[in-house]
Structures are given as C-alpha cells and as structure tokens.
Amino acid sequence: MGGRPSSPLDKQQRQHLKGQVDTLLRNFLPCYRGQLAASVLRQISRELGPQEPAGSQLLRSKKLPRVREHRGPLTQLRGHPPRWQPIFCVLRGDGRLEWFSHKEEYENGGHCLGSTALTGYTLLTSQREYLRLLDALCPESLGDHTQEEPDSLLEVPVSFPLFLQHPFRRHLCFSAATREAQHAWRLALQGGIRLQGTVLQRSQAPAARAFLDAVRLYRQHQGHFGDDDVTLGSDAEVLTAVLMREQLPALRAQTLPGLRGAGRARAWAWTELLDAVHAAVLAGASAGLCAFQPEKDELLASLEKTIRPDVDQLLRQRARVAGRLRTNIRGPLESCLRREVDPQLPRVVQTLLRTVEASLEAVRTLLAQGMDRLSHRLRQSPSGTRLRREVYSFGEMPWDLALMQTCYREAERSQGRLGQLAAPFGFLGMQSLVFGAQDLAQQLMADAVATFLQLADQCLTTALNCDQAAQRLERVRGRVLKKFKSDSGLAQRRFIRGWGLCIFLPFVLSQLEPGCKKELPEFEGDVLAVGSQALTTEGIYEDVIRGCLLQRIDQELKKTLGANDVSCTLDGCLEVPWEQEGADEETEAEREGGACPRQPDSGAQIQPLCPPPSRGTFRS
C-alpha cells in the first residue's frame with residue numbers, strides 16, 4: 001500500500017483525457033438535445049391529456065430529502081506510506097463527507113483535510129471482505145503481498161472498520177472506536193450514498209428525465225444494452241462513470257504494468273491512479289455541462305414556445321407513424337416476447353412486488369406506531385415538553401435512519417434472487433433498484449407524516465379536552481392509514497412497471513436491433529415532414545416496444561394483484577402517448593387543508609398539531 005503510480009498524470013495524459021471528454025460530449029449532447037425536445041412534448045401532452053382517475057391521496061411532503069448531519073472521531077488510513085491517524089469526520093446533510101485533523105479545526109471553521117461526494121461508493125464493514133476485494137484488483141500479483149510489511153497492508157486487525165470502496169476512485173479506510181459508533185456511521189454513510197446516488201432519479205424535472213434517456217440512447221449507440229448503476233449521481237458524475245467504464249480496459253492495460261509495488265500495495269496505487277483520472281474526467285465533464293447550460297435553458301424555453309401550439313399535430317403524426325411501425329414489427333416483437341420475456345415475467349413481477357410490498361408494509365407499521373405514541377402522549381401530558389418532543393420525533397421519522405432501517409432492509413432482502421432473475425436480460429442495476437425502493441419508502445413516510453400533522457392541526461382546537469383531542473387524533477389516524485393504503489398500492493404498481501421496463505426493454509431492443517431497425521428509414525420522411533426535433537423514428541419505435549412490454553407487465557399485474565386492484569385506465573399503454581406517472585395532481589389533503597406545514601428539522605421550531613388544551617403548547 002505504500003506504492004504509488006510511477007508518476008502523476010502529466011500534461012500529455014491530461015490532454016488525452018480532455019480529448020476523450022470532448023469526444024464524449026460531442027457525441028452525447030446531440031442525444032441530449034433530442035431527448036430534451038421529446039421530454040417537453042411528453043410533459044405538454046400530460047398536461048393536456050386525461051389525468052389518472054385515482055391520484056395520490058396523501059399530501060406531498062415539501063421536505064427535501066436529506067440525511068441527518070453526523071459527526072464524530074474516527075481513525076483513517078492515510079499518508080505515504082499509509083498509517084492509521086486520528087481525524088474528526090463530518091457527514092453533511094447533503095451527503096458529502098468531510099474530515100478534519102481534529103474537532104476544534106471543524107468547530108473553528110478550518111479547512112478540512114479532505115472531502116468527497118459519496119456517489120458510487122460501497123460500504124464494507126468486514127476487513128476480510130475488503131482484503132479479498134483489494135486482492136482482486138491486481139490478481140496477477142496475488143502472491144507478492146507476503147513480502148510486504150504487514151502494517152502497511154491492513155494485515156493488523158481493525159476492530160470496527162468502515163471501508164468505502166469505489167470502482168474508479170481512491171478507497172477510503174476508516175475505523176471507529178466502538179461497535180456502537182461503527183453502527184451509527186454505517187447507517188449515516190449508507191444514507192449519504194443513497195441520497196447522492198439517486199438525485200436524478202428523484203427529480204421530476206423534464207431535463208432530468210431527458211438526461212437519463214439520453215445516456216441510455218448514447219450507450220445503446222455504442223452497443224451497450226442493459227441497465228446498470230452507471231446513472232447514479234449527478235449529470236457530471238454519470239458522464240464521468242460512462243467514460244471511465246469505456247476507458248478502463250485500455251487504462252488497465254497501459255498503466256497497470258508500470259505501477260510500483262506488489263500485491264496490495266500495487267492495488268492501492270492503482271486506486272490512486274484511478275482517482276486522479278476520475279478527477280480529471282469529472283472536471284472536464286462538469287465544465288462541458290456548465291458551458292452547455294445556457295444553451296439548454298434557451299432550448300427548453302424555445303421548445304415550450306414551438307411545441308405547445310403544434311402539440312395536437314405532433315401527437316397525431318406520432319400516432320400514425322406508431323401504428324404503421326407496430327404493424328411492421330409485430331411479428332418479430334411478439335416472437336421475442338413470447339420466447340424470451342413471457343417465461344420469466346411472472347417471477348420477475350412477483351419478486352418486484354415482494355420487494356416493494358414488504359418495505360411499504362414496514363413503513364405502515366412504523367407510521368401507525370408513531371401516531372399511536374402521539375395519541376397516548378396527548379392523553380398523558382397535553383401541554384408538556386415530552387409531548388413536544390414526541391411531535392418533533394414524529395416529524396423526523398422519515399429522516400431517522402435507525403428507525404427507517406427496518407424498511408430499508410426489507411428492500412434488500414430479495415436483491416440476490418431478483419439479480420439472478422434479471423441478469424440473463426443484461427440488467428445489472430440492482431443497487432439502483434434497491435435505492436429506488438428505499439427512496440419510495442422514505443417519500444411515502446414523509447407524505448404520510450406531513451398529511452397527519454396537517455389534518456391534526458386542522459381538527460384540534462383549544463376548546464377540546466384531552467380525551468376529545470385524542471379521539472379526534474384517532475379519526476385522523478384512520479384517515480391517514482386509508483390514504484396511505486391507496487398511495488401505497490399506486491406506488492407499488494408504478495414501481496413494478498418502471499423497473500420491469502428497466503429490466504426487459506433494453507434486452508428486447510437488443511434482440512430486435514439487427515432486423516427491425518432496418519425498417520426505420522422508410523418512416524423518416526413522415527417524421528421529418530413535421531419539422532420538429534421532438535419526434536424521431538427511433539423514439540417512436542422505442543415507444544411502440546415500450547407499450548407492448550407495459551401491456552404484458554399490466555396483464556401479469558392483474559393476475560398477481562387481482563383485476564380490481566389495477567386501474568382500468570392503465571397509463572403508458574399503446575393508446576396514450578407516454579406514461580402518465582409523475583403528472584402533477586391535486587391531492588386530497590391539499591383539497592381539504594391547503595398548504596403543507598413546515599416540518600421540524602435540526603434548526604427549526606416545531607410547528608405541528610394545534611395545542612389541546614392549553615394555548616401555545618406546540619406553536620413557536
């Protein structure tokens with residue numbers, strides 16, 4: 001581990017990487033522009049089209065996803081040669097990790113020794129598992145590490161380790177003083193990794209959806225079909241991961257033989273070299289996307305003005321081309337679906353359902369327990385500080401990692417089984433899928449908490465005694481659980497349909513690629529005649545295949561859940577232009593009670609229930 005790259009990145013290497021980034025942007029940005037246009041058309045069509053008959057019942061929480069700031073002393077393996085040194089570590093609310101030489105340096109606003117975004121990291125708490133991973137980085141020199149000094153090779157046992165591993169970055173090795181501290185840091189770091197990883201997936205902005213679609217199309221044009229975890233992170237981090245994966249084989253072949261050291265020291269040096277390459281690529285991707293930002297803003301404004309007046313014509317032309325395309329590819333598409341997808345679809349749908357159903361059932365249990373505690377505390381002490389604390393804790397439930405861990409673990413239980421089912425279709429994005437289920441659990445908990453606090457605030461007055469107030473809360477509890485059941489069912493169906501598409505769509509596209517795409521040029525004239533970049537033959541072709549897949553998934557959902565549990569108007573089928581999920585809906589809680597109250601956080605006053613019976617119990 002004391003080894004380093006024979007030299008840092010020199011000017012020629014940096015110029016080479018800059019050229020690679022420029023080439024990536026030159027090839028990617030046209031895809032992005034096209035998907036921005038398609039995304040604007042999709043958004044406008046949703047606004048003008050029919051809304052879902054059964055929308056969300058819960059009030060949408062206005063609280064932004066975050067992690068609780070976590071800080072404390074750790075030791076870190078750092079320096080050259082590496083040695084364990086005490087540090088003071090801070091995980092910020094946005095999921096960024098920083099470390100300082102000591103606590104006073106942090107408290108006095110001093111500069112940190114280092115910091116990192118946690119995107120793409122994997123946390124290991126087993127030293128043996130980490131050493132196996134390190135050995136696998138340079139398998140050709142596995143036998144050499146016996147000659148190295150044991151202290152520099154992590155051979156000395158670490159009692160409570162926290163290893164952060166990244167495929168393209170320097171590894172971060174920390175150690176806690178106690179098992180309790182290790183557990184608390186494990187929860188905090190896992191929360192930060194998920195928060196930073198799903199920033200694009202959580203966004204409802206058309207540009208975010210356009211970016212993810214553009215990345216998928218770009219990679220398909222490069223011959224890569226199948227979803228993986230490359231889309232975790234910000235836009236610049238995603239493009240960096242795309243390029244790093246493309247360049248990794250050549251980089252390994254060109255530089256690994258020249259690295260100093262042997263065994264694990266060599267593997268450590270390899271991660272440091274990767275970190276330097278990653279930093280250079282990330283800087284270039286960030287600069288390129290920043291330079292594109294003014295053009296993107298102008299393009300979005302222009303697209304809105306040009307597409308909205310002609311949206312009916314665009315959608316009619318799209319429907320005509322889609323109908324003809326559907327006829328042309330029906331034979332091979334149906335053959336592929338019957339042969340490859342249909343045999344596995346029931347098991348995939350059932351496993352996806354178990355994954356999300358168990359997680360959301362755990363959310364419901366925690367929610368009911370939290371509401372029961374509030375009702376019990378209200379009967380005992382209607383105006384005491386203990387009730388205030390209970391209300392604050394209830395408002396913080398979605399961000400309490402220790403509490404929500406029971407829900408998050410349920411999302412992980414089927415990971416191995418689902419990965420085995422999805423792998424033959426080229427789907428390697430299990431981390432993204434698990435994060436998606438965990439984000440969904442957190443969002444529904446936040447929505448339910450916000451709804452309960454709002455409805456309780458409306459129904460409790462100073463004229464009520466403790467028993468009357470508790471009875472009112474019981475009725476609110478029942479209403480919230482009813483709304484939660486409705487939203488939970490809707491969320492499960494969206495989750496299964498969305499991830500079913502992620503698993504099967506790239507595979508079906510790859511199977512049809514040799515033959516069916518040859519049919520597309522004959523439709524180019526009809527699409528070009530419209531004169532809008534929002535319509536492309538490739539986009540319509542994919543929409544047709546997506547629609548057929550969604551029909552298959554919906555049919556399986558009806559068998560699994562029962563016909564009465566599946567909406568009669570299924571979004572995303574062939575008769576509608578695009579999936580309707582994500583459309584803005586007025587929730588029942590908003591109709592009943594107006595805006596959502598501000599939920600408490602670490603720097604806010606409590607503003608939840610109206611104070612029964614004494615005035616001012618819960619208000620600031």
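What you have open is a predicted model, and the values given along the way are computed from it. Thr231 lies in the loop between α6 (206–221) and α7 (235–255). Show the contacts of Thr231, leaving out neighbours within four places in sequence, and you will find Gly197, Gln201, Leu212, Val215 and Val238.

Next, select Arg219 and Asp228, which are joined by a salt bridge whose closest N and O atoms are 2.9 Å apart.

**The whole chain**

Zoom out before going further. The chain has 620 residues, of which 52% are buried, and its secondary structure amounts to 18 helices and seven strands. Among the contacts in the chain with a separation of 6 or more, 77% are between residues 24 or more positions apart. If you display the accessible surface, it comes to about 27,600 Å², and carbon and sulfur atoms contribute 50% of that area.

**The sheet**

Now colour the strands. They form an open sheet of seven strands in the order β4-β3-β2-β1-β7-β6-β5, with antiparallel pairing. At its edges are β4 (114–117) and β5 (122–124), each of which pairs on one side only, and from one strand to the next the twist averages 30 degrees.

Select β1 (residues 70–78) together with β2 (residues 83–91), which run antiparallel and are joined by nine bridges; within this pair, Gln76 has Gln85 in β2 as its bridge partner. On its pairing with β7, β1 has two bridges in the antiparallel sense, and here Thr75 stands opposite Ser175 in β7.

Move to strand β3 (residues 96–100), which pairs with β4 in the antiparallel sense over four bridges, and where Arg96 is placed opposite Ala117 in β4.

**The nonpolar cores**

Which residues have the most contacts inside the largest nonpolar core? Select Tyr32, Leu367 and Val508, which hold that place in a core of 148 residues. Helix α15 (residues 466–516) supplies the largest share of this core, 19 residues. Centre the view on Val508 and, not counting residues up to four places away in sequence, you will find it touching Leu333, Cys336, Leu337, Val341, Ile545 and Leu549. A second, separate core has 23 residues, including Val67, Leu118, Leu164 and Ala176. As background to these two selections, nonpolar side chains tend to be buried together in soluble globular proteins.

**Salt bridges on helix α15**

The count of salt bridges in the model comes to 33, and two of them give the last stops. Select Arg477 and Asp372, whose side chains meet in a salt bridge at 2.7 Å, N to O. This pair links distant parts of the chain, with Arg477 in helix α15 and Asp372 in helix α10 (residues 345–380), 105 residues apart. Asp372 counts as partly exposed, at 33% relative accessibility.

Finish with Arg497 and Asp554, a salt bridge in which the closest N and O atoms are 2.6 Å apart. Here too, distant parts of the chain are linked: Arg497 is in helix α15 and Asp554 is in helix α17 (residues 537–561), 57 residues apart. With a relative accessible area of 4%, Arg497 is buried, and Asp554, at 2% relative accessibility, counts as buried too.

Note on methods:
Residues are numbered from 1 along each chain as its sequence is written. This is a predicted model: local features need pLDDT of at least 70, side-chain atom pairs count only at pLDDT 80 or more; totals for chains, interfaces and linings use all residues. Side-chain values use heavy atoms; hydrogens and water are left out. Buried means under 20% relative accessible area, exposed over 50%, partly exposed in between (1.4 Å probe, protein chains only). Contact means heavy atoms within 4.5 Å. Accessible areas come from the Shrake-Rupley method with a 1.4 Å probe; for residues, only the protein chains shown count as cover. A nonpolar core is a set of buried Ala, Val, Leu, Ile, Met, Phe, Trp, Tyr and Cys residues joined through side-chain atoms within 4.5 Å. Two strands pair if DSSP finds at least two bridges between them. Axes are lines fitted to C-alpha atoms, for helices over the stretch in contact, and angles run from 0 to 180 degrees between N-to-C directions. A salt bridge is a side-chain nitrogen of Lys or Arg within 4 Å of a carboxyl oxygen of Asp or Glu.
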